[in-house]
Amino acid sequence: MIQDVFPYLRMRNAGAAIEFYTTVFGAVEEFRLMDPGGRIGHAELKFGTFTVMLSDEYPEYGIQGPEAFGGCGTSIHLHVDDVDSMTQRAVSAGAKIVMEPTDQFYGERTSKVRDPFGHEWLLGSHIEDVSREEMQRRFDELMAE
């Protein structure tokens, strides 16, 4: 039985990424392992109640971040109090907007940013309660456009 799931991000310059995530998202660094060459072999950050693990790239072991592949195949969705201000904080710290803050059919205002290390973050704030049935109706309507 699965007990926990931890996203594990790999990137170039994990130290700068830790600074970005603590400054922008309010993450708290809990643990860091450094190799003799100064690379971060493993770090753990708390984002609210969940843990994200990360490390520097180790291409000699096949460990590479999104910049090595020219894109990112995943994103992490953070629920925040104010998506507009969090988006602006991320941009001010060097992130690029992929999607401007927009009200969504599923009852959230969301944006998407790409951090300076190639990872994408969906930022969302609750704006209304939407039943699953209503969400499906709205989704069907959106797909019909």
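## Ser55, a buried position

In this predicted model, Ser55 has a relative accessibility of 3% and therefore counts as buried, since the cut-off for a buried residue is under 20%. Ser55 is part of strand E4. Beyond its neighbours within four places in sequence, Ser55 touches Tyr8, Leu9, Arg10, Met11, Ala14, Ile40, Gly41, His42 and Ile63.

Tyr8, one of the residues in contact with Ser55, stands opposite Met53 of E4. Strand E1 spans residues 8-11, strand E3 spans residues 40-47, and strand E4 spans residues 50-56.

## The sheet that holds E4

E4 belongs to an open sheet of four strands, arranged in the order E1-E4-E3-E2 with mixed pairing. The edges are taken by E1 (8-11) and E2 (28-34); each has a single partner strand, so one side of each has no neighbour in the sheet. On average, neighbouring strands here are turned by 20° against each other, with direction ignored.

The pairing of E1 with E4 is parallel and runs over four bridges. Within this pair, Tyr8 and Met53 face each other.

Helix H1, residues 14-25, lies across E1, E2, E3 and E4 and runs at about 5° to E3.

Between the C-alpha atoms of Glu19 and Phe69 the distance is 23 Å, and the two residues are 50 residues apart in sequence.

Another open sheet of four strands has the order E5-E8-E7-E6, and its pairing is mixed. Strand E5 (75-79) and strand E6 (96-103) are the edge strands, each pairing on one side only. Neighbouring strands of this sheet are turned by 15° against each other on average, direction ignored.

Helix H2 covers residues 83-92 and lies across E6, E7 and E8. The angle between H2 and E7 is about 5°.

## Two hairpins

E6 and E7 are antiparallel and are joined by five bridges. Across this pair, Met99 is opposite Lys112 of E7. The two strands make a hairpin with four residues between them, and in its turn Gly107 has a positive phi of about 95°.

How many bridges join E7 to E8? Seven bridges link E7 (residues 108-114) with E8 (residues 120-126), and the two strands run antiparallel. Thr110 has Gly124 of E8 as its bridge partner, while Ser111 stands opposite Leu123 of E8. E7 and E8 also form a hairpin, this one with five residues between the strands, where Gly118 takes a positive phi near 95°.

Helix H3 is made up of residues 132-144 and includes Met143. The relative accessibility of Met143 is 54%, so Met143 counts as exposed.

## The chain as a whole

The chain contains three helices and eight strands. Their sequence from the N terminus is β-α-β-β-β-β-α-β-β-β-α. The C-alpha trace spans about 55 × 40 × 30 Å along its principal axes.

Of the 145 residues, 35% are buried. The accessible surface amounts to about 8,700 Å², and carbon and sulfur atoms account for 51% of that surface. Among contacts with a separation of 6 or more, 50% are between residues 24 or more positions apart.

Conventions. Residues numbered from 1 in each chain as written. Predicted model: local features only at pLDDT ≥ 70, side-chain atom pairs only at ≥ 80, totals over all residues. Heavy atoms only, no water. Buried < 20%, exposed > 50% of the residue type's maximum accessible area, 1.4 Å probe, protein only. Pairing = 2+ DSSP bridges. Axes fitted to C-alpha atoms, helices over the stretch in contact; angles between N-to-C directions. Contact = heavy atoms within 4.5 Å. Areas by Shrake-Rupley, 256 points an atom, 1.4 Å probe, with all protein chains shown as cover.
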